[in-house]
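Hi everyone, thanks for coming.

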Amino acid sequence: MDQQPFQPIRLVDYQPPEFLVERLSLCISLAADHTLVRATSVLHRNRDAAKKSGPLLLSGEHLELLEVRLNGEKVAPDAYRTTPESLEIDTVPDDFQLEVVTRLYPDRNTALSGLYRSSGMYCTQCEAQGFRRITYYLDRPDVLTRFFTRIEAEAESFPVLLANGNLVAAGRLPQGRHFVEWDDPFPKPSYLFALVAGNLSQIEDSFVTRSGRRIVLQIYVEEHNRHKCDHAMASLKKAMKWDEEVYGLEYDLDQYMIVAVDHFNMGAMENKGLNIFNAKYVLASPETATDQDYLGIQAVIAHEYFHNWTGNRVTCRDWFQLSLKEGLTVFRDQQFSADMDSAAVQRINEVRTLRQVQFREDSSPLAHPVRPEEYVEINNFYTVTVYNKGAELIRMLYTLLGEAAYYRGFALYIQRHDGQAVTCEDFVQAMADASGRDLSPFMRWYTQAGTPQLTIQESWQQEQGLYGLTVSQQTPPTPGQPRKVPVPIPLLIGLLDDQGNDLTATLSGDHERRGDDVLLEVTEAEQQFRFTGLTSRPHLSVLRSFSAPVKLHSFRTRDELAFLSVHDHDLFNRWDAAFSLSELVLLDLVTEDSADRDERGISDSYLQAMQSLVRSSITDLSLLAEALRLPTENYVLQKLEQIDPDRLYQAYHRGKQELAAFLETDLLDLYRKYRSTGAYRFSREDVGQRSLCGVCLDYLASLAAHRTDLTELCRSHYQEAGNMTDRMIALTAAVQLEGDLREALLADFEQAWHREPLVMDKWFAVQASSSAADTVGRVEKLLHHPDFSLNNPNRVRALIGTFGQNHFHFHHHSGSGYRLVTRVILELDALNPQVAARMAGPFVSWRRYDGQRQQQLRASLRSMVEKPGVSRDLYEVANKSLG
Ligand code: ARG
Ligand code: ZN
């Protein structure tokens with residue numbers, strides 16, 4: 001096939017809708033083997049559209065069309081046409097009522113988009129374009145209307161029937177059926193529609209808003225999970241309060257519902273008044289969920305709640321503007337998490353994701369701007385670039401404008417655009433108007449892909465006490481964007497004296513202040529900054545709090561990094577200095593010529609720096625744990641010209657072991673000091689203790705191959721574990737070891753938890769992430785485990801997604817890792833294209849590997865592109881990767 005089978009959609013082709021919908025009434029009748037949908041809408045031509053006449057074109061997929069009526073009259077079949085993706089009605093008046101009856105088969109819907117069945121219940125996922133799998137409609141975010149939904153179903157199996165808005169009627173029907181009617185007073189685009197039908201139990205609570213309205217809060221789950229909803233409920237109430245206090249935003253309906261489902265393509269969905277969640281982000285008990293799960297739930301519950309204003313009340317004009325709601329809402333949930341827990345640790349984890357995942361995407365064949373210019377399949381653009389880099393853009397505006405102007409701008413945005421579908425420009429314009437600044441150069445951050453690289457040169461003139469910085473920026477080319485322009489970069493810095501004291505208070509020069517930091521605005525390709533009023537050469541702490549999503553060209557000596565890792569009072573930068581130092585050391589090990597390596601590969605100064613960290617008085621134990629944790633292989637490899645997976649793996653593990661051996665007694669001391677077997681509490685202190693013990697055990701386990709005392713430590717950690725966090729810490733350590741302990745713990749774990757799907761996901765994932773030699777074979781075996789299923793995205797991500805990130809084994813020189821994942825992707829693509837396309841991620845950067853691996857990776861990508869009946873989703877990813 002020479003011609004491209006799928007045509008891209010382009011932002012420049014955007015046209016306002018030709019028709020608008022005044023209201024929509026849905027009657028959805030669930031039967032045993034199919035569902036009938038009667039959609040009645042009132043439409044009229046859009047006066048703002050370019051075209052004032054012509055047919056009505058509606059989107060629809062996988063639908064059986066049974067009937068079309070216009071103003072009550074049946075439309076003859078020769079007056080409309082259907083294609084696999086649309087319904088076109090030739091002649092329609094300017095104002096009319098349309099009735100469309102369709103039949104669908106949710107039980108066969110394995111793509112999990114539209115209406116589908118998950119563990120007995122029915123649920124929907126309509127973002128981005130799932131509503132067109134329910135009825136023919138103007139399925140685009142700039143068409144907003146009031147929804148009325150009637151659901152009919154068999155009463156005994158589906159006692160709970162939910163949709164958006166307020167419950168207005170319910171009653172019995174003949175033959176053991178019943179109905180409910182929901183009315184949503186807020187006009188919304190179809191992607192925010194939701195429906196749930198099932199035999200669910202609920203926990204209920206309430207929240208009184210600052211204006212005194214009482215909101216009913218409900219979380220719906222299967223009965224056996226009822227006891228696992230408290231943390232989600234507590235998180236929801238915290239989020240509601242926080243949004244009132246920080247953003248002045250109050251909830252608008254009288255009821256807020258969350259439903260947990262087992263089969264879900266993404267994390268969760270912000271449907272108006274009826275959020276539908278991957279169960280992973282709702283269910284938690286100390287026995288089944290780790291501290292990371294608790295944190296994830298808190299963040300995702302908040303994220304979906306915050307969407308009610310940033311996404312639902314003000315929505316996106318088109319899908320290119322996705323970051324308008326996602327980047328902004330991620331920034332808001334990050335602010336919330338920082339306020340709930342350790343702000344420094346929160347920021348560290350955000351930056352880890354950015355550097356390890358987003359920077360990689362930004363330098364890959366899939367690089368795209370925060371606002372993409374074209375797509376083949378929009379579901380491929382729910383990316384770390386749109387979400388997390390998008391959040392960094394909002395953070396930069398916050399930093400540039402300062403807190404007060406930022407919140408003024410936000411309020412103006414809501415006030416101007418409530419009830420509208422808008423663009424990223426509209427958001428930035430509100431920020432500009434509220435601050436009186438020209439933010440047009442800032443739009444480049446939305447349109448230009450790639451990660452800017454900053455080079456920094458320092459100068460010092462002792463006689464004048466003059467300190468200078470030359471900052472230059474350069475963004476490497478990305479596909480379709482060979483030439484780049486400078487972007488406005490807010491650079492937060494601090495200057496320290498030799499004792500670590502802050503020197504910026506008395507500083508003069510061209511700058512503003514942001515809290516304890518100095519703000520430099522880098523707008524040009526190269527720029528100078530001068531500071532006077534210093535008596536000795538300062539130490540520079542730069543890019544504090546990671547004030548912009550850029551790469552810093554390393555310009556600091558190891559001694560300087562070691563100094564900052566101890567003295568910087570910006571906690572984030574203290575961590576960053578330790579992290580950068582570890583990165584340099586690991587890179588040395590990878591790139592050094594093994595012939596001229598002396599016995600000790602790691603410099604004493606690094607070992608000393610890490611030891612002073614271990615022995616330091618850091619009281620935030622989570623922070624200490626993060627400072628000790630090494631950058632991952634997947635991070636380190638970004639700095640390598642050509643990646644040799646075997647060499648990277650060996651160097652990495654040699655480095656880690658050397659460090660562990662040097663620190664052994666310190667690590668054991670820390671471990672014993674903080675190891676606790678008391679009752680589980682999800683508190684900052686306890687999370688910190690567990691996290692620190694986990695890092696210690698991870699290092700110690702790297703030495704355990706011939707050390708029964710350390711193997712025993714893993715065993716006892718497992719046996720004494722009173723919660724899932726500790727159990728997983730021990731299991732993860734044990735799985736790296738080949739031998740009896742690993743087999744014993746895996747068997748015990750499986751036996752204990754085989755009834756808990758979310759826990760079994762961990763069991764699959766931990767084996768797929770193992771560095772042990774036989775990992776590919778184990779993953780192969782797990783594919784045939786009775787609990788493995790391609791129909792459950794969480795399970796696929798646990799086994800295949802995790803294995804794809806296991807750098808060494810995925811890239812096994814035999815090609816066995818590639819073949820395994822390719823086989824799964826090809827099979828999965830026929831069932832669930834969205835998830836299949838995600839699993840292809842590890843193949844994308846094939847150019848970075850040696851000739852033989854390149855060949856194998858490319859052959860895999862080609863087999864995806866050429867697969868008969870390949871999905872749009874997988875085709876786009878594989879085809880772009882081949883370039
Ligand atoms: N809007 C959801 C969120 O909160 C993501 C849903 C995306 N789903 C999809 N199939 N593309 O981030
Ligand atoms: Zn979101």
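In this predicted model, Leu322, Ser323, Glu326, Gly327, Leu328, Val330, Phe331 and Gln334 of α3 meet Val386, Tyr387, Asn388, Gly390, Ala391, Leu393, Ile394 and Arg395 of α5. Meeting here is contact: C-beta atoms, placed from the backbone, within 7 Å. Helices are DSSP runs of H or I, at least four residues, and strands are E runs of at least two, numbered from the N terminus. By class, this contact has nine nonpolar, five polar and two charged residues; Ala, Val, Leu, Ile, Met, Phe, Trp, Tyr, Cys and Pro count as nonpolar, Asp, Glu, Lys and Arg as charged, and the others, Gly among them, as polar.

How do the axes of α3 and α5 cross? They come within 7 Å and cross at roughly 70 degrees, which makes α3 roughly perpendicular to α5. Axes are lines fitted to C-alpha atoms, for helices over the stretch in contact, with angles from 0 to 180 degrees between N-to-C directions; 65 to 115 degrees counts as roughly perpendicular.

Helix α3 also meets α1: Lys238, Ala239, Trp242 and Val246 in α1 face Gln335, Phe336, Asp339 and Met340 in α3. That contact has five nonpolar, one polar and two charged residues. These axes come within 11 Å, crossing at roughly 105 degrees, so α1 and α3 are roughly perpendicular too.

Now ligand 1: its shell divides into five nonpolar, five polar and four charged residues.

Some housekeeping: residues are numbered from 1 along each chain as its sequence is written, chains are lettered from A and ligands numbered from 1 in written order. Because the model is predicted, local features need pLDDT of at least 70 and side-chain atom pairs 80 or more, while totals for chains, interfaces and linings use all residues.

Key. Angles under 35 degrees count as roughly parallel, over 145 as roughly antiparallel, 65 to 115 as roughly perpendicular and the rest as oblique. Two residues are in contact if their C-beta atoms, placed from the backbone, lie within 7 Å.
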